[in-house]
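Colleague: I would like to learn how to read the nonpolar features of a model such as this one. Could we take them one at a time?

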Amino acid sequence: PDQTIASGRVYRRATAIAVAIAMMWGLEFTLLKVGLGDVHPVVANSFRLPFAAIAIGVVVWRSTGRIVPRGMTLRDRSATLLSGALQLGVASVFFLTGIQAIGVGRAGAIGATSPVFAMLLAVAFLAERPGRLTVLGTLLAVAGVGLLSLS
């Protein structure tokens, strides 16, 4: 009996956290659109990314006591820096340009399909076998983007 009560509490708490995260994600897109306005995406990124890097650095430092993991070589640091600059620099400019071009609602829905592409890449390059729920989730995400594109 005690496990049922505890698991019910855990379920309600997890559901509340999932709803809160979904609301914050939607708010993020809305605020991003407002902040972006008519500013060029490169200019917007020049302000957005340094603040994000500082915030992430503070969180990592507070939780681990260091910013760079132990045992990370200079080559690892260089590869991490290069991949981060490419991903955050280039991909974020494309993302912000997409928000300006197609609107925040459509960009958010398309952005939500990133797990679909991650799954497809994992199947193609890592020989992973997705389960039934993964396939169902993928189909639902694709159907949602399809419905959105019709509107």
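Modeller: Let us begin with a single residue in this predicted model: leaving aside neighbours within four places in sequence, Ala 107 is in contact with Phe 29, Ile 99 and Ile 102.

Colleague: Which residues make up the largest nonpolar core?

Modeller: The largest nonpolar core has seven residues, and Ala 107 is one of them, together with Phe 29, Leu 32, Leu 36, Ala 44, Leu 96 and Ile 99. Two elements, helix 1 (2–36) and helix 3 (74–102), each give two or more residues to this core, and helix 1 gives the most, with three residues.

Colleague: Which residues form a nonpolar patch on the surface?

Modeller: That patch is formed by Val 39, Val 43, Phe 47 and Phe 51, which together have about 400 Å² of accessible area. Of these residues, Phe 51 lies in helix 2, which covers residues 41–64.

Colleague: Why is Phe 51 classed as exposed?

Modeller: The class follows from relative accessible area, and exposed means over 50%; Phe 51 is exposed because its value is 60%.

Colleague: And how should I read Ser 114, buried, exposed or partly exposed?

Modeller: The intermediate class lies between under 20% for buried and over 50% for exposed, so Ser 114, at 46% relative accessibility, counts as partly exposed. Ser 114 has its place in helix 5, residues 114–126.

Colleague: How far apart are Ser 114 and Ala 124 in space?

Modeller: From C-alpha to C-alpha, Ser 114 and Ala 124 are 15 Å apart, with a separation of 10 residues in sequence.

Definitions and conventions. Residues are numbered from 1 along each chain as its sequence is written. This is a predicted model: local features need pLDDT of at least 70, side-chain atom pairs count only at pLDDT 80 or more; totals for chains, interfaces and linings use all residues. Side-chain values use heavy atoms; hydrogens and water are left out. A nonpolar core is a set of buried Ala, Val, Leu, Ile, Met, Phe, Trp, Tyr and Cys residues joined through side-chain atoms within 4.5 Å. Buried means under 20% relative accessible area, exposed over 50%, partly exposed in between (1.4 Å probe, protein chains only). Helices (H or I, at least four residues) and strands (E, at least two) are DSSP runs, numbered from the N terminus. Contact means heavy atoms within 4.5 Å. Patches are made of residues with over 30% relative accessible area and no salt bridge: like charges are joined within 9 Å, nonpolar side chains (Val, Leu, Ile, Met, Phe, Trp, Tyr) within 5 Å. Accessible areas come from the Shrake-Rupley method with a 1.4 Å probe; for residues, only the protein chains shown count as cover. A salt bridge is a side-chain nitrogen of Lys or Arg within 4 Å of a carboxyl oxygen of Asp or Glu.
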